[in-house]
Amino acid sequence: MALRTEELLLNMGPQHPSTHGVLRLVVTLDGENIVDVQPDIGYLHSSVEKMMEYRTYLQNIALVDRGMDYLSAMANEEVWCLATERLAKIEAPERARYIRTIMLELQRISSHLIWLGTFGIDLGAFTAFLWAMRERERIMDLFESATGGRLHHVYFRIGGVYEDLPDGWTDRCATFCDYFMDRLPEYDELLTGNPIFLARTQGVGVLPTAKAIAMGASGPVARASGLAYDVRRAHPYEVYDRLQFDIPVRTEGDCFARYLVRLEEMRQSIRIIRQCLETIPQGEIRAKVAVTLRVPKGEVYARTESPRGDLGIYLISEGKDMPYRVKIRAPAFSNLYALTEMMRGWKVADVIAILGSIDIVLSDVDR
Amino acid sequence: MSWDLAEKLKVRFPEIELFPRPGHQPGTGNGERGTGEPPRGEVAAAAPPAGEGQTSPAVPAKRPAHEAPPAYLVPGAVVPKDKLLEICRVLATDPEFGLSYLSFVTAVDRPEAGEFEVVYHCYSHQSREELALKVRVPRDGASVPSVTSIWDGANWHERETYDLFGIIFEGHPNLRRIMMTDDWIGHPLRKDYVYKDPAWLVEVAKRRKDEIEGLGLGERA
């Protein structure tokens, strides 16, 4: 007599230590094997797009800081300012564009460090978290001294940045770059060569290139699947077109490849920051822009490379002092959808590793 | 950002209507678009003839916005609803277009025209070209065919658009609310959707306000 079996429906979250925020995964299991995963999102939905329609262009800078991805506030400010500047034909001064580039890359490192730490914790490596936080603290200090804020900066303005860098900031930033490059090999020792870490990430959660494109994945997730695409290279903004940097691409498409891509991206970010610090010019930091800026009628799509991927804003203006409609193209939203493909066929214990490897921030998913 | 793909599509499907172009200067317009890939360069190139010596940052500050020429900076086309699937299939599969990546699907509410504009934004990683499509549908009983069979990634984007606008995507495999709870009433991103605090919340806020005033902290406001 055959044993009667049936599929098991397992709820992970919304309160689960490894879901990186409030995310519920409805996992259909056949024994230990994952048959299907349906992420249930929306717990952090605050309808930022609706709120933006009721705020001026300047006020919205503070809103995108908080309402979108809270771990990369600079990237959110950047995409919003970029969209507005393009539509209003405002150009930020040279110095401001350098400052923005430095801030964006620092933000990328700090966001990747959070990811590295939490990914380590997900897989049982606690030291990585402490070390990553230690490095991130230095970046937070740099942010704090320049912008006054640690997480939410409201530092970028339409047509520039709020204030010039304080005295000695560039030296402190250069010191941080040296310090951080010394620390990076330690992560290799801690995780890259760790047999437990390798066993849990190598070959796990594979996302093929064609699937990654079709499902709308972007950023490190797509680059780990062999898609050599980075907005900073394909559609340069700020001063990325005159900087030397590599775009790490892996073809394996597994969790380990995603880890390696992000680790290398941090090295490249340091490279970018060093070049900017060497060549940053003196001068104005903000173009003259009215506080109640009225943006001419029109439509624009601005895209940037946020730490999580292809972050875009589709802005529609009707010539008023508030936008008519803003669509935020959040990278984590599409990356999380690709999760359903990555997880199919793996064991229930791999759920944590795969989810950790795509680096989602739920406020970016839900907005 | 070039209009080549949009023009090619217009040749293939004459019934589509291209978006209005920035500047409306056919002679100079093509030159700028060909050279400046990042829009910053395009803006810099376009500013001197348009501003006549004015610096470009001063333009929006000095002139009222309604006098500035409209700037439609996204190449794209308005397509009829019944042709949407056919056009999308050509865009995604024909190597001439190669738009295999769907950036997002969203909608814009135009209550004065009584219609929604459903917006699709496609991109090609090979040619680095983008193209936006718009479908105009009446606000009452709005529906468009789902493009999930062409771009798998449209799945959640269409669910989000359904959730926040109430547009039905016919043939979608799993058209449920995604952001709001299942029992939510209304579609928040519609222009006529006005958030109103429930009565109990108004009551709580009033009570809090009275309490704070009782503490003598009222002068802060």
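View 1. The structure shown here, as in every view, is a predicted model. A349(A) belongs to the loop that joins α12 (331–343) and α13 (350–357) of chain A. Along the chain, 247 residues separate A349(A) from I102(A), and the distance between their C-alpha atoms is 39 Å.

**View 2. The interface of chain A and chain B.** On the side of chain A, 62 residues are in contact with chain B, and 56 residues of chain B take part in these contacts. The size of an interface is often given as the accessible area lost when the parts come together. Between chain A and chain B the buried area is about 5200 Å², and carbon and sulfur atoms give 56% of this area.

**View 3. Polar contacts and a salt bridge between the chains.** Across the interface of chain A and chain B, 21 residue pairs are in polar contact, both residues being at pLDDT 80 or more. The side of chain A that touches chain B consists of 29 nonpolar, nine polar and 24 charged residues. Six salt bridges are counted between the two chains. One of them joins R110(B) to E318(A), with the closest N and O atoms 3.1 Å apart.

View 4. Strand β6 (residues 298–306) of chain A pairs with strand β2 (residues 71–72) of chain B. The pairing is parallel and extends over two bridges. Within this view, G298(A) stands opposite A71(B), a residue of β2(B).

Notes:
Residues numbered from 1 in each chain as written. Chains lettered and ligands numbered in written order. Predicted model: local features only at pLDDT ≥ 70, side-chain atom pairs only at ≥ 80, totals over all residues. Heavy atoms only, no water. Contact = heavy atoms within 4.5 Å. Buried area = accessible area lost by both parts, 1.4 Å probe. Salt bridge = Lys/Arg side-chain N within 4 Å of Asp/Glu carboxyl O. Polar contact = N/O pair within 3.5 Å; in protein donor to acceptor, adjacent residues only side chain to side chain. Nonpolar A, V, L, I, M, F, W, Y, C, P; charged D, E, K, R; others polar. Pairing = 2+ DSSP bridges. Helix = DSSP H or I, 4+ residues; strand = E, 2+ residues; numbered from the N terminus.
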